[in-house]
Amino acid sequence: MEVDTTQTRYRLDDEPSAPAAVAFVHKRLDATDLHAFIRSSPAKLIALGLLLAALCLLAGAVTATAVSSRQHSLDYLLNTAEPDANLAQSLYTSLSMTDAAAGTAFLSSGLEPTSVRERYYQALGEASADLVAQSNSADDAPDSQLRTRIATGLPIYAGLVETARANNRDDHSVGAAYLSEASHLMRTTMLPEAAELQQHRSDAIIATQRNHVRPPWSAILLPLVALAALVAVQLYLARRWRRVFNLGLLLTSVTVVSLLTWTVLAGSISAVSTTEARDNGMVPATELTQSRIQVERARAAETLKLVRRQVGGDYDRNYDDATTKVAQLLNQYPRRATDFSDVSTARAALVRWREAHQRMNDALARGDFPGADAIAVGPDPTGAAVNVDTLDHALGNGIAETRNTLRAGIFDAARALDLLAPGALALSVLAAAFVVLGLWPRLREYR
């Protein structure tokens, strides 16, 4: 049986080559046809659809990026910056308490009372622990150098205090000189370095909070641009096709408005929470911390005055300056604060302490050194030691409460943005799909 291959051969020979196919396409889509297509209504519809879809997707992407960046900053503030700042504040306070406790312990002849000695060791240990905890933080070189210098000076300070203690137990007057040298090292070198470290940490928190309360303009302006373009396109379609509503584009507009409303509301809630955290947490905590530091500074001056057995001089001036600053900070403290009861307790203790200090100065002026020591470090409820402890305890409680307020505000600010980033992406994709849904029926009319 013969197979007729003529037709098959004809088809194979008739198949165009690749260059011939390209030439055929160029011939069919010449410049005139292309220009005519560009000016046609289907081409305009496609261009408008691509523009609207791109604007919607871009608005969602920019919103998601801005929100993610802000949430990352808040999480960093909550988990890293704020704990670092608290450690820096704790370091400064512990160093101040160490210096004050050393002077108090020195005033006890022979072996110091166990409670007094334990307070010194506790403050010294807390300062060392704060330095170790901060060594894990990722900070810049200047802060690392500050910590290194403090860590280097701490054992030197402790050694001077122990030398002063040993001489004091043997009733050698040179012990007072060693204690004065230790206090001088603490007040002129270590505490200023700790204050600088604390300031760096506080500045980082303030900068983050300041940036967060600014509106995310890119996440607001782009949805507005997309919404304006949607309105313009719908007006154009209404004039061109004599139809008032386009369901797809109307749904796109609703979606973009929803995205914009969500962004503004969530951003506003987050900014309000950040502002409350700053006003009711960061600012009061800073004031209470400064008060506590000044209390320890005044206590150190008071005990050193007794150690040196001096009447008047720089110690009185340092005490008066420090307690005056504490009084000013506590008197201007807002009454609406949640920790105002602690501040009231601190105010009353400060008044009693200043009265005890005046009685101590009177005893010193009479040459009654044992009586002055008893007023300064004795267990009398009206004495200096008891009221200093009450004052410090109240300020510590206030700092803890304001810190909780600060962290709660930051947490609320971050959680207000939790769903916005993925929601913005989902809404932008949905808006782009509605654009296709709205323009596809118009394109079908040109088949």
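Helices, like strands, are taken here as DSSP runs (H or I, at least four residues, for helices; E, at least two, for strands) and are numbered from the N terminus. The structure is a predicted model, in which local features need pLDDT of at least 70 and side-chain atom pairs count only at pLDDT 80 or more, whereas totals for chains, interfaces and linings use all residues. Residues are numbered from 1 along each chain as its sequence is written, and side-chain values use heavy atoms, with hydrogens and water left out.

The largest pocket holds about 660 Å³ of space. On a 1 Å grid over the protein atoms alone, a pocket is an open set of points where a 1.4 Å probe fits, with protein on both sides within 12 Å along at least five of seven lines, and lining residues have an atom within 4 Å of a point. Of the 34 residues that line the largest pocket, Y92, Q198, T289, Q290 and I293 are the closest to its centre. Two or more lining residues come from each of α4 (41–106), α7 (174–212), α9 (247–308), α10 (314–331) and α13 (384–415), and α9 gives the most, with 13 residues.

Helix α9 also meets helix α11 (residues 340–365), their axes, which are lines fitted to C-alpha atoms over the stretch in contact, coming within 12 Å and crossing at roughly 15°. The two helices α9 and α11 are therefore roughly parallel to each other (angles under 35 degrees). The contact (heavy atoms within 4.5 Å) is made by L288, V295, A298, R299, E302, K305 and L306 of α9 and by V343, W353, H357, M360, N361 and L364 of α11.

Key. Grid points are joined across faces, edges and corners, and a volume is the space filled by probe spheres set on the points. Axes are lines fitted to C-alpha atoms, for helices over the stretch in contact, and angles run from 0 to 180 degrees between N-to-C directions. Angles under 35 degrees count as roughly parallel, over 145 as roughly antiparallel, 65 to 115 as roughly perpendicular and the rest as oblique.
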